[in-house]
Amino acid sequence: MRVRATPPPADIHDLDPQAFLEEVHSFEFWFQAVEGYLSGLTFGHRPETVEAELTDLERDRLVTVLCNYCLGETAALEGASGLIAIAPNRMAKIFLSTQVADEGRHLEVFLHRLRGLGVQQPEVEVERRASPSLQLFRRRLVDLVAGRDWEAAIFAQNVILEALEFAVFHRHAQSADPMTREVLQGVVKDERRHIGFGENELGRRLAGAPHIRARIGQVKKELDPLVLNTLEETVLHIGLPRSDQEQLGRAYLESVERLGFA
Amino acid sequence: MGDLSEQEAAPADDTRLRFILEDTGFDEVPKKYRRFYRKWEGAGDSLAPNEVICPVCKVVIRSTRELRPGDRVYCMPCMSRLVVVRNEAGTLEARTAY
C-alpha cells in the first residue's frame, strides 16, 4: 500500500488543532524556522557588521548587561535540559530539545559578544557582575526542576524568565549598538517560541487541573520580586528611562495575567 | 479574559472577502508558512480585515479570508491557538485558547 502525505490546507488556520500542535512542536519545524534567520550569521550577527565605538562607561554598562543575559541563558539552558526528563509527553520533550539548542546558542553568542568587547575571561566576569536576584532565581529554578515539579518549573522558566527576557531583549535591541542589536534580534526570534510554549502548555495544564493554580500562584509570589529587581537593575545598566521599566514590567505581567494570575 | 462562548459564532457563509497572501519577508517560520505572518510595524501600521495581532508574541497573523468573531487562527511563531473576538472598542482581536 502506498501512503501519500496529506497536502497542507490552503489556509493554515484550517489545520486540525492536533496537527497544528504536532507541527509546531516538531524538530523539523524548528530546524526550518531557525535556518531562515540564522543562516549566514556568525555568532548571531552578520560577518560584515563592524564594532561601534563605545565610551568606557557605555562599554562597562554593556558588559554588565551582557553578564546578566549570560546568567539568564545559563539558567534557561540548565532548566530546559532538566525539564526534558520530566516532560509529560513526546511533543514537549522534542520541543524542549530544540529549546536546549536555542539556549546553548544564546549563551555562546553573548559570551562571544563579551569577548568582542575585550573581556578576557567572560565566565569569570559573569560570576562577578551578575545580579544577585537573578542568581537566586537560577537556584530556585534548578530546585523546581530537581523536585520534578513540571508545572511550577515551566511557569518559572518558560513563562516568567522567558517573558522577562523577551521584553528586555526586544527593548534593548531598539537602542543597542549594531552588533549587539543583531545578536539580540536573533535571540528574540527564538524567545517567541519559548514564551508561547510555556504559556500554552501551562494554560492547557491549568484548564485540565485547576487545583494546581494555588501552587503556581505561590511560585509567582516568591519569584516576582526577583524578576522585578533584575528588571530594575538591567534597565538602569542599559540606560533606559524609568518609564521604560514600567512598560517592560507591564509586558512581563501580561503573560501571567492571561493565565489568570493577577 | 472574555468568555468565548458569549462571542458571535463564526458564520458559515461564503460572502467573506478573500485575500491572496504574499511573503512579506517574515523569516521566523518555515518558508511554506511565511505568507501567513508579518511583523507589526508600530505607529502608522494598521490591520487589514484578514489580520489580527497575536497577544502572546505581537506578530501579525494573516488569513486568506476576512476574519470574523469566532474564527480560529494559529500563531506559528509562538505556537499559540487563538480565537478571534470583537473587543469593547468594536475591533477584532485574538485571544488565547489553550
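Select B:Arg62: it counts as buried because 24 C-beta neighbours lie inside 10 Å (buried means 20 or more other C-beta atoms within 10 Å of a residue's own, exposed 12 or fewer, partly exposed in between, with C-beta atoms placed from the backbone). This is a predicted model, in which local features need pLDDT of at least 70 and side-chain atom pairs count only at pLDDT 80 or more, while totals for chains, interfaces and linings use all residues. Residues are numbered from 1 along each chain as its sequence is written, and chains are lettered from A and ligands numbered from 1 in the order in which they are written.

**Around B:Arg62**

Stay on B:Arg62, which is found in strand E3 (residues 60-62) of chain B. Strands (E, at least two residues) and helices (H or I, at least four) are DSSP runs, numbered from the N terminus. Now show the contacts of B:Arg62, leaving aside neighbours within four places in sequence: they are B:Leu21, B:Phe36, B:Tyr37, B:Arg38, B:Asn50 and B:Glu51. Two residues are in contact if their C-beta atoms, placed from the backbone, lie within 7 Å. Next pick B:Asn87, which is 25 residues from B:Arg62 in sequence and 18 Å away in space, C-alpha to C-alpha.

**Chain B as a whole**

Colour chain B by secondary structure: there are six strands and zero helices. Of its 98 residues, 33% are buried. Among contacts between residues at least 6 apart in sequence, 43% join residues at least 24 apart.

**Where chain A touches chain B**

Select both sides of the contact: 26 residues come from chain A and 25 residues from chain B. On the chain A side, helix H1 (17-25), helix H2 (27-38) and helix H8 (178-208) each give two or more residues. Which of these elements gives the most? H8(A) does, with 11 residues. The chain A side divides into 13 nonpolar, six polar and seven charged residues. Here Ala, Val, Leu, Ile, Met, Phe, Trp, Tyr, Cys and Pro count as nonpolar, Asp, Glu, Lys and Arg as charged, and the others, Gly among them, as polar.

**Two helices of chain A**

Move to helix H9 (residues 213-238) and helix H10 (residues 242-258) of chain A, whose axes come within 10 Å and cross at roughly 150 degrees. H9(A) is therefore roughly antiparallel to H10(A) (angles over 145 degrees count as roughly antiparallel, under 35 as roughly parallel, 65 to 115 as roughly perpendicular and the rest as oblique). Axes are lines fitted to C-alpha atoms, for helices over the stretch in contact, and angles run from 0 to 180 degrees between N-to-C directions. Residues to display include A:Leu228 and A:Leu231 of H9(A), and A:Leu248 and A:Tyr252 of H10(A). The residues of this contact divide into seven nonpolar, two polar and three charged.
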